[in-house]
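Biologist: Could you take a close look at one part of this model for me, the place where the two chains meet? I would also like to see how that part sits within the rest of the fold.

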Protein chains: 2
Amino acid sequence: MFKVKALLFDVFGTVVDWRTGIARDVKIIADKHNISINPYDFADAWRAEYQPAMEEIRQGRRGFTILDKLHLENLKKIAPRFNLDNLSNEEYNFLVTAWHRLPGWPDSSEGLNKLKKKFILATQSNGNIALMVNMAKYSSLNWDVILGAEVVGHYKPEPEAYQKACSALNLKTTECLMVAAHDDDLKAASLQGMKTAYVHRPFEYGREKLFDIAEVDDYKGDRYWDIVSADFHDLANQLGC
Amino acid sequence: MFKVKALLFDVFGTVVDWRTGIARDVKIIADKHNISINPYDFADAWRAEYQPAMEEIRQGRRGFTILDKLHLENLKKIAPRFNLDNLSNEEYNFLVTAWHRLPGWPDSSEGLNKLKKKFILATQSNGNIALMVNMAKYSSLNWDVILGAEVVGHYKPEPEAYQKACSALNLKTTECLMVAAHDDDLKAASLQGMKTAYVHRPFEYGREKLFDIAEVDDYKGDRYWDIVSADFHDLANQLGC
């Protein structure tokens, strides 16, 4: 592990709590219009459209499109289900940019500051540059560099997404550690030669769907992970920060 | 000026002292080989190849090529003039990465930290991503985002270099302030609608070529600049940070 020079982070779910952030902002809009919804169901429904929308691009059926635009399209797709299809453009924009105002997990900001003293910290997210920059300001995430989909032109888990991010840093994939709370991301990164660190985010899908770190061995399936960590403080400890 | 949300910085000369940094590192190599050179002449000669190399790409005679590669080619071009053409690959690499280890001007790191509290801080440099990230770590330059040539695929002063950097932040050019010590960069930025801040860096070309801030009116020619500042502390003051 001592050859690792840069840490590349998945962001949605790993660094920030998208479900809480989206639920918080859609509740503002729903309350304003006296519409009764379960804001967490809304967040889950919106997030469920995320992978299918990117898959069109990964499969080459559509040119590269930034996530803000996909989020707007997906929002308009699910809005009728929640009686939210008569919003103004300003209100739709407020909801799309809710993804720019997601709260970090309690350890995220401070944990990243510890890790930054020893490593290059990069975002390796499917979010676009403006989204990542605004979120970083909002939640005090002190990245060294915003990489990810818009910079490299590929959506994870395409191999190019990982390869091009590492080479933009002029590093070998073996010198880069992918940090994520999700097995599919870590799998795809390790297949390109990256080191992998799992971070446990038991509340990503809500407290009722919590799973214990003891269950992680089942979750990861047959993959080898270099590090399993409980949060960013634990990751910093394990990396000697 | 109150609509400005992001500050985009020229880097070589404006944020870091390339001439001192390059002279420092070439002296190490020259001394090792008992070669007597004026290290500042070497730095000036290397820098003189910078614009012509990029011009090939701007004119479409060559595909986009990152600056690290252009620096290596330019180094090999000027090396014989300084009896430095028998270096090992490791020594050439040490010199190319001297551009990753340039010192900030005395006010740069602290001044950027002040400005960062109120604005998005972006690099808008012709340097590649790895160069900018390594330099930021080396000289404590806490950028929010690395933009510039490698991200947008265009070298300044091409109009697209400015337009695409602003739109990557999802901002209008009028919401972005170009910060530079060079008139040509500010001119090109203002033609795209960006606000402009001149920063006086009288020692960029050495102390013997110092020019006083009183001479700035001659230097800028017929362009209007929104701000004229003595350094980043002064810029922060003028922007209410």
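Modeller: Happy to. The two copies meet through the same surface, because 100% of the interface residues of chain B are also interface residues in chain A. Please keep in mind that this is a predicted model, with an ipTM of 0.92 and a pTM of 0.94. For chain A the average pLDDT is 94, and 98% of the residues score at least 70.

Let us stay with the interface. In it, 15 residues of chain B are in contact with 15 residues of chain A. On the side of chain B that touches chain A, three elements supply at least two residues each: α7 (129-139), β3 (145-146) and α8 (149-152) of chain B. Of these, α7(B) gives the most, with five residues. By class, that side of chain B divides into ten nonpolar, two polar and three charged residues.

Chain B is superposed on chain A by a rotation of 180° with 0.0 Å of shift along the axis, and the RMSD is 0.0 Å. The two copies are thus related as by a two-fold rotation axis.

Now for the fold behind that surface. Chain A has twelve helices and six strands. Its radius of gyration is 18 Å, close to the 18 Å that the globule rule gives for 241 residues, so chain A is as compact as a globular protein of that length. Along the principal axes, the C-alpha atoms of chain A fill a box of roughly 55 × 40 × 35 Å. Of the 241 residues in this chain, 43% count as buried. Among the contacts in chain A between residues at least 6 apart in sequence, 67% join residues at least 24 apart.

Chain A is assigned two domains: domain 1 (6-17 + 104-238) and domain 2 (18-100). Their centres, taken over C-alpha atoms, are separated by 23 Å. The contact between them takes 20 residues from domain 1 of chain A and 14 residues from domain 2 of chain A. On the domain 1 side, α7 (129-139) and α8 (149-152) of chain A are the elements that give two or more residues. Here α7(A) gives the most, with five residues. The classes on this side of domain 1 are nine nonpolar, seven polar and four charged residues.

In chain B, α7 and α8 are among the elements on the side that touches chain A, while in chain A, α7 and α8 supply residues to the side of domain 1 that touches domain 2.

Ile66(B) is found in the loop between α3 (50-58) and α4 (67-78) of chain B. Leaving aside residues up to four places away in sequence, Ile66(B) touches Asn128(B) and Glu150(B). With 17 other C-beta atoms within 10 Å, Ile66(B) is partly exposed. For a sense of distance, Ile66(B) and Asp184(B) are 118 residues apart in sequence and 21 Å apart in space, C-alpha to C-alpha.

Notes
Residues are numbered from 1 along each chain as its sequence is written. Chains are lettered from A and ligands numbered from 1 in the order in which they are written. This is a predicted model: local features need pLDDT of at least 70, side-chain atom pairs count only at pLDDT 80 or more; totals for chains, interfaces and linings use all residues. Helices (H or I, at least four residues) and strands (E, at least two) are DSSP runs, numbered from the N terminus. The radius of gyration is taken over C-alpha atoms; the globule rule is 2.2 Å times the number of residues to the power 0.38. A residue is buried if 20 or more other C-beta atoms lie within 10 Å of its own, exposed if 12 or fewer, and partly exposed in between; C-beta atoms are placed from the backbone. Two residues are in contact if their C-beta atoms, placed from the backbone, lie within 7 Å. Ala, Val, Leu, Ile, Met, Phe, Trp, Tyr, Cys and Pro count as nonpolar, Asp, Glu, Lys and Arg as charged, and the others, Gly among them, as polar. pLDDT is the predictor's confidence in each residue, from 0 to 100. Copies are superposed by least squares on the C-alpha atoms of residues with pLDDT of at least 70 in both. Domain bounds come from an automatic or database domain assignment.
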